[in-house]
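Work through the exercises below with the sequence and the structure open. Each task is followed by a solution in steps.

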Amino acid sequence: MRKQMPDAKMDMTPMIDIVFQLIIFFVVTVDMQNKALETSVRMAMAPNGPVEEVKDPRTIVVDVEADGTISIMRTPLGEGQLLAILKKAVNTSGQSTPVVIRGDLEAKHEVIKRVMDVCGKAGLWKLRFAALKEKA
Amino acid sequence: MARKRQRPEAAPAELEMTPMIDVVFQLLVYFIVTIKPIDVITNLDVFRPAPDKNTPQDQKPPNLVRIGVYQDGYTVNDIPASPELLDQALGKVASIDAGQTIMITVSAVSEHGMLVKALDLCAKNGLKSLSVVSASN
């Protein structure tokens, strides 16, 4: 009699391990997207504010911290630099480029005004203030 | 001699993993496709009138609703008002004409949170025509 070959069996354990790793990876990275919003800026609450349904990809977010530091993407900028950046944005994507000012609730209006003035100088008129709709 | 009847041996219990993994993949794909992070940021639209150099500074302000935002509180048409009063006033304005322009004059030393609160109250009452003017003091 011929010796019977043992049944070929696939070991499933490593595959399941990888699937779980994938699940964990995706769950964690999705959460990271929200964390990207975290800056030292503490925004004011505006529970009645509208939520933007369609986001304009051209949007420029300018942060204003409580101590008056103006920054874009966490890079502190002087007024001249900000103006240069905004002017470049106007050249590439037009004057209708929206600017969102993400001001700290304790930031003085004086600094916000300076940012708005620079936007005006660059020719940008679509200004918005970001606020928190609910506690994140 | 009685022969013991031999029971047929039970096949070793094996769990079929393939359907489970299929389902897990389906679920994974479903969640990745449908997940949408909750939008916690709101954007308050404002309009900023450009300073008109030809307008004399001492000109009488036009007939519109004026909100003043100061370091220590608000005013509605130059009358001091608490946030609740401001809310009520804006509610009244909105019930008459929701398209009414609201001119918000903000003091330079006031905190940004105060302005956002005023804009939020305008949004709450459905007022959309908002002009933000910065005062020099």
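A residue is buried if 20 or more other C-beta atoms lie within 10 Å of its own. By this cut-off, buried residues make up 26% of the 136 residues in chain A. The model is a predicted one.

**Exercise 1. The two chains**

Task: State how many helices and strands chain A has, and how many chain B has, with their order along the sequence.

Solution. Step 1: Chain A has three helices and five strands. Read along its sequence, they follow the pattern α-β-β-β-α-β-α-β.

Step 1: In chain B there are three helices and six strands, and from the N terminus on they run α-β-β-β-β-α-β-α-β.

Step 2: Turn to burial and contacts. Buried residues are 22% of the 137 residues in chain B. Take the contacts with a separation of 6 or more: residues 24 or more positions apart account for 81% of them in chain A and for 78% in chain B.

**Exercise 2. The contact between the chains**

Task: How many residues does each chain give to the contact, and which element gives the most on the side of chain A?

Solution. Step 1: Chain A puts 40 residues into the contact and chain B 33 residues.

Step 1: On the side of chain A, the elements that give two or more residues are H1 (13-35), E4, H3 (109-122) and E5. H1(A) gives the most, with nine residues.

Step 2: Sorted by class, this side of chain A holds 24 nonpolar, seven polar and nine charged residues.

**Exercise 3. Strands and a helix within chain B**

Task: Identify the strands that pair with E2(B), then decide how far H1(B) is covered.

Solution. Step 1: E2 (residues 65-70) of chain B runs parallel to E5 (residues 102-106) of chain B, and five bridges join them. B:Arg66 has B:Met103 as its bridge partner there.

Step 1: E2(B) also pairs with E3 (residues 73-76) of chain B, in the antiparallel sense over four bridges. B:Val69 stands opposite B:Tyr74, and a hairpin of two residues joins E2(B) to E3(B).

Step 2: H1 (residues 18-34) of chain B has 17 residues and reaches 24 Å from its first C-alpha to its last, close to the 24 Å expected at 1.5 Å a residue.

Step 3: The count of buried residues among the 17 residues of H1(B) is zero, and the helix is hardly covered.

Technical notes: Residues numbered from 1 in each chain as written. Chains lettered and ligands numbered in written order. Predicted model: local features only at pLDDT ≥ 70, side-chain atom pairs only at ≥ 80, totals over all residues. Contact = placed C-beta atoms within 7 Å. Nonpolar A, V, L, I, M, F, W, Y, C, P; charged D, E, K, R; others polar. Buried ≥ 20, exposed ≤ 12 C-beta atoms within 10 Å, placed from the backbone. Expected span 1.5 Å × (residues − 1). Pairing = 2+ DSSP bridges.
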